[in-house]
Amino acid sequence: FYYETKSREADSMNLQLRTGVSTSLAWLFAIASGLSVANVYYAQPLLDALARDFGISHAAVGGVITATQLGCALALLFLVPLGDRVDRRRLMALQVLALTFALVAVGMAQSTLALLAGMLAVGLLGTAMTQGLIAYAASAAAPHEQGQVVGTAQGGVFIGLLLARVFAGGVSDLAGWRGVYFCAALLMLGIAIPLWRRLPILPPASRTLSYPRLLASMLTLLRQEKVLQVRGMLALLMFAAFNIFCSALVLPLSAPPYNFSHTLIGAFGLAGVVGALAAARAGQWADRGYARRTSGLALLVLLLAWWPLSLMEVSLWALVMGIVLLDLGGQALHVTNQSLIFRTRPDAHSRLVGLYMMFYAVGSGLGAICTTVTYARFGWQGVCTLGASVSLLALVFWWVTQRQRAETRDCASERR
C-alpha cells in the first residue's frame, strides 16, 4: 500500500510537469511505432522464399510465424511492463539497438535454428518497442490531449502493419528476402537518433516496485480495473472479427474466378489506410468526453461492414468499401479503448497496455482458428456470417455493460 501510494504521488507530480506533445513529436511516435510493428509482419509474404532457402516444408514453415508470435506474447508479459519501472528513454534506446541486431541476425541466418531464434527476438523486441512507444506517448501527453496523441501513434501502428507486407514483397523482388531484414535494420537505426534526441525524459512511475512485484501487480490490475476488463473484452471480440476477415480474404481471391496474386490481394488491405486515418480522430472525441458515443458508433460500423463484404462475389468495389468500414470501426474502437484505459491508472500505462494487448492476442488467435474451419464448410458467406455474429456480440456486450453502468450510477444517486 505504501509503495502504491508513493507511485500515485509521483504520478501526480508528473502530470503537473506535462506541457503537452508537439505535432512533430506525435508524428515521431507514429512513425517509430509503425516501423517497429512492421518488423513483426515482414515474414508473412516471405514464407515461400524462406521454405525454399532453408529446406523447410510448406506445412512446417508456419513455425516462423509461430516463433514471432511467441516473441510478441513474451514481450507483452515481461518487457512492456518495464516502462513503468525504468527510464523509458533509455529503455527505448536499448530496445531499438537490440532490435537492429536481431534484424541483422535474421538476415545473416544460415540455419533453421538461427532463423527461428532471430524471429523470436524480432517478435519480442518489435512488440516491446511498439507497445512501449504507445504507453510512452500516453504518459508524455497532457490529460486534455492524451486521446489525440494515442490515436496518432496508433494510426502509425496500423499503417505500418498494412505497409509491412507491401514493403517486404517489393524489396524481396529486388534484393531477396535477406535484403528485407537488412533494410529494416537500417530503418530502425535511422529512427534511433531522432528518438534519443526528441523523446521527453519522464520519471519512472513505479520505480519503487521490484521487477517480480511489478509483474505480480498486473494480476491485481486485471482484477481491480473494471474499465480494463470491459475494454479488453471488446478488444478481444473486435480483433477476433478483424482476423476472421484477414485470415479468410486470401482464400476466395486466390481461387477461380479471381486467381489474384498474393501481392494484389495484399493491396486490397491498403484500402484500410483510409479507415485508419479517419479513426485517429476517435482519440480527440474521447478527449472531449464522447468516448461512449464513439464506442457505440464504432461497433455499429464494424457490424455494418460485413454487409458490403458479403457482396464481394458481386462487386470488388463492395469489398473495398467493406474493408474501409471494417478498419474504420475497428481502429476507432481500439483508439477509444486505449484512451479510456490509460486514464484509469496513469502510474501503470505500460502494464495496462501489456494486459490490454493480451486480449488482442487471444482474440486474433481465436478468429484465425475459427475462420479456416468455417470457410471449408460454408464458404465466404459463412465467414461473413461468423464475422457479423462476433461483431453483433461485441455490440450487445457493450450495450449491456453501459446499461449496468447506468443502473449502478442511478442506485448511487438514490442512496445519496
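D87 caps the N-terminal end of α5, with a side-chain oxygen 2.9 Å from the backbone nitrogen of R89, where a polar contact is a pair of N or O atoms within 3.5 Å, within protein one able to donate a hydrogen and the other to accept it, and residues adjacent in sequence count only if both atoms are side-chain atoms. This is a predicted model, in which local features need pLDDT of at least 70 and side-chain atom pairs count only at pLDDT 80 or more, while totals for chains, interfaces and linings use all residues. Residues are numbered from 1 along each chain as its sequence is written, and side-chain values use heavy atoms, with hydrogens and water left out.

**Helix α5**
- Helix α5 covers residues 88–108, and its 21 residues should span 30 Å at 1.5 Å a residue, which agrees with end C-alpha atoms 30 Å apart (the expected span is 1.5 Å times one less than the number of residues; helices are DSSP runs of H or I, at least four residues).
- Among the buried residues of α5 are R88, R89, L91 and M92 (buried means under 20% relative accessible area, exposed over 50%, partly exposed in between, with a 1.4 Å probe and protein chains only).
- Seen down the axis of α5, its buried residues fall within an arc of 170 degrees, so they line one face of the helix (the arc is that of the directions from the helix axis to the C-beta atoms).
- The face of α5 turned away from that buried side carries the exposed residues R90, L94, F101 and M108.

**Helix α2**
- In α2, 15 of the 19 residues are buried, so this helix is largely enclosed by the rest of the structure.

**Cysteines**
- The structure holds zero disulfides (pairs of cysteine sulfur atoms within 2.5 Å).
- The sulfur of C384 lies 13 Å from the closest cysteine sulfur, in C246, too far for a bond.
- C384 is buried, with a relative accessible area of 4%, whereas C183 is partly exposed at 30%.

Notes:
Helices (H or I, at least four residues) and strands (E, at least two) are DSSP runs, numbered from the N terminus.
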